[in-house]
Amino acid sequence: MLKITVLRSPSVDLNGDPLSFPFKRADALLYYMAVQKSATRQELAALLWEDYDESNGLKQLRNILYHLKKILGGDFLISPQKSLIRVNPAWELDCDYDRFMRDGDLAAYRGSFLQGFGVKRAFSFEEWMCRTADRLRDLYLERVTQTAEAAVQQ
């Protein structure tokens, strides 16, 4: 099972063993895909290699995908169409983001989204990360308020 934590300082565990990646952009790609579930190759290249031309950005993306496959020991990310990359539904994934968003698990929210994480010269990724952190914080506060109001009414 792949466990990805993004609602605090991020981490990745595979079958209980912590993983580390050789490049921050590999971590960023994994976190982005754990949240978004699918993206085009062009979207990912623009997100993580915005200062590269498209051809070199796509080349860097292929390199990171290769490293992720090697480290994870399989195809966590698949490409059902040449231009699209998706999270492989055959993989068992436990992500605190999914528990919070899909299941409404307030306990899954243990801190700011990707707290303390950053990628140099990836301004589009940083912007996405900040927007997502703000959105999740607001949603958390809204859900806590609703829970508290329901408790008071009972």
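# Close-up views of a predicted model

Asp138 is partly exposed, with a relative accessible area of 43%. (Buried means under 20% relative accessible area, exposed over 50%, and partly exposed in between, with a 1.4 Å probe and protein chains only.) The model is predicted, so local features require pLDDT of at least 70 and side-chain atom pairs pLDDT 80 or more, whereas totals for chains, interfaces and linings use all residues. Residues are numbered from 1 along each chain as its sequence is written, and side-chain values use heavy atoms, leaving out hydrogens and water.

**View 1. Asp138 and Arg137 form a salt bridge.** The closest N and O atoms of this pair are 3.6 Å apart; a salt bridge is a side-chain nitrogen of Lys or Arg within 4 Å of a carboxyl oxygen of Asp or Glu. Arg137 is partly exposed, at 38% relative accessibility. Elsewhere, salt bridges with shared partners join Asp94, Arg99 and Asp105 into one network. The count of salt bridges comes to 9.

**View 2. A salt bridge joins Arg121 to Asp51.** The N to O distance is 3.3 Å. The pair links distant parts of the chain, 70 residues apart: Arg121 lies in the loop between α4 (96-101) and α5, and Asp51 in the loop between α2 and α3. (Helices, H or I of at least four residues, and strands, E of at least two, are DSSP runs numbered from the N terminus.) Asp51 is partly exposed, at 43% relative accessibility.

**View 3. The side chains of Lys69 and Asp75 meet in a salt bridge.** Here, too, the N to O distance is 3.3 Å. Lys69 is partly exposed, with a relative accessible area of 44%, and Asp75 is partly exposed at 35%.

**View 4. Strands β4, β6 and β5 form an open antiparallel sheet in that order.** Two strands pair if DSSP finds at least two bridges between them. The edge positions belong to β4 (38-40) and β5 (77-81), each of which has a single partner strand, so one side of each lacks a neighbour in the sheet. On average, neighbouring strands are turned by 30° against each other, direction ignored. β4 pairs with β6 (residues 84-87) in the antiparallel sense over 3 bridges, and Thr40 stands opposite Leu84 in β6. Helix α1 (residues 24-36) lies across β4, β5 and β6, running at about 115° to β4. (Axes are lines fitted to C-alpha atoms, for helices over the stretch in contact, and angles run from 0 to 180 degrees between N-to-C directions; contact means heavy atoms within 4.5 Å.)

**View 5. Helix α2 (residues 41-48) buries Arg41, Leu44, Ala45, Leu47 and Leu48.** Seen down the axis of α2, these buried residues fall within an arc of 165°, so they line one face of the helix. The arc is that of the directions from the helix axis to the C-beta atoms. The elements covering the buried residues of α2 include α1, β4, α3 (54-72), β5, β6 and α5 (123-153).

**View 6. Tyr31, Tyr32, Phe113, Phe117, Phe125 and Trp128 form one aromatic cluster.** Rings of Phe, Tyr and Trp (its six-membered ring) pair if their centres lie within 6.5 Å; planes under 30 degrees apart count as stacked, over 60 as edge-to-face and the rest as tilted. The aromatic pairs number 9. Tyr31 and Phe117 form an edge-to-face pair, 5.2 Å centre to centre with 85° between the planes. This pair links helix α1, which holds Tyr31, to the loop between α4 and α5, which holds Phe117, 86 residues apart. Tyr31 is buried at 3% relative accessible area, and Phe117 is buried at 9%.

**View 7. Phe100 and Tyr109 form a tilted aromatic pair.** The ring centres lie 5.5 Å apart, with 45° between the planes. Both Phe100 and Tyr109 are buried.
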